[in-house]
Amino acid sequence: MANDRPRVLSGIQPTSGSFHIGNYLGAVRQWVAMQETHDAFYMVVDLHALTLPQDPAQLRGNTRLAAAQLLATGLDPERCTLFVQSHVPEHTQLSWLMECLTGFGEASRMTQFKDKSSRQGADRTSVGLFTYPILQVADILLYQANRVPVGEDQRQHVELTRNLAERFNSRYGRTFTVPEPHILRETAKIFDLQDPAIKMSKSASSPKGIIDLLDDPKASAKKIKSAVTDTGTEIRFDPENKPGISNLLTIYGTLTDSAVADVEQKYEGKGYGALKTDLAEIVSEWAAPFRTRTQEYLDDPETLDSLLAKGAEKARAVAVETLAQAYDKVGLLPGKH
């Protein structure tokens, strides 16, 4: 029974158009595996996207595109609960309770907020960007998640979730499950192809540094072949001294389910060109059926919207119950149903 399994929850923003290989290897690949072993809740977090200005039509299109891509990677609505965040209003309702429980200094210390606000400047930084980690807390606690599959850069947000869950439970009585971060070390970070010192990211990387899964295979191959490496010739996993080659080895090993040591051995005595050429082919072969499946969902928006509506219904069944408990615990007067 699904209810006997530990529950996981994770989300992905719909701001990026095509998923890139860092999204897939760092997050979504785990999601697909975990739907077989966990009671899995996955969402397109469209409310989080609003921390930056959005074109309304583009946001709607990107939300559908993100859902289509999640389904194309192998998420199965029969095995997991897949939904759009804004279709479950309890997220923002619980977020207010959590905001009232969070210290201003505590929220100010979130490193992602500090990084993004320093780039944008105080006048262009919204209150939403400041409080979005607390909405993320509500996202997790609403479903009583046991584990949260996240990248290493999100660990601080899970710690905030744990702190607020424990604070609420201590103040008002046990209400929320205190979740654990679920981070796979070897796929925690995929780096920029042009600047392997930074994580592959739509917001920080240049277009040449990102492998988009919906890209034309020739475009992806060109990016891989022009990936920054070093002046040496030895293909060795050494993130400190050979970050570019180490990044390519990680992508290769993860996509082919091979140990990095085995990939190193395979290319012993061969040049960087051989590794890059083979990796370009591997990426192309993996991405081709993904692109086809994504397009099939986009070509049938009625079916896609129907799947998302059913997912929201399943999610709300859990969310309504959690929110009612939390409202009752803090002393809010129950309304008529």
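**Notes on the structure**

User: What does Arg174 touch?
Analyst: Leaving out residues up to four places away in sequence, Arg174 touches Asn169 and Lys329; contact means heavy atoms within 4.5 Å. This is a predicted model, where local features need pLDDT of at least 70 and side-chain atom pairs pLDDT 80 or more, while totals for chains, interfaces and linings use all residues. Residues are numbered from 1 along each chain as its sequence is written, and side-chain values use heavy atoms, without hydrogens or water.

User: Is Arg174 buried or exposed?
Analyst: Arg174 has a relative accessible area of 60%, so it is exposed (over 50%; buried is under 20%, with a 1.4 Å probe and protein chains only).

User: Where does Arg174 lie?
Analyst: In the loop between α8 (155-172) and β5 (180-182). Helices (H or I, at least four residues) and strands (E, at least two) are DSSP runs.

User: How far apart are Arg174 and Tyr297?
Analyst: They are 42 Å apart in space, C-alpha to C-alpha, and 123 residues apart in sequence.

User: Switching to strands. How many residues of β1 are buried?
Analyst: In β1 (residues 7-12), 5 of the 6 residues are buried, so the rest of the structure largely encloses this strand.

User: In which sense do β1 and β2 pair?
Analyst: Parallel, over 6 bridges, with β2 covering residues 39-44; pairing takes at least two DSSP bridges.

User: Which residue in β2 is the bridge partner of Gly11?
Analyst: Met43 is the partner of Gly11.

User: And helices: which residues in α4 meet α7?
Analyst: His91, Thr92, Leu94, Ser95, Met98 and Glu99 do, and their counterparts in α7 include Ile134, Leu135 and Val137.
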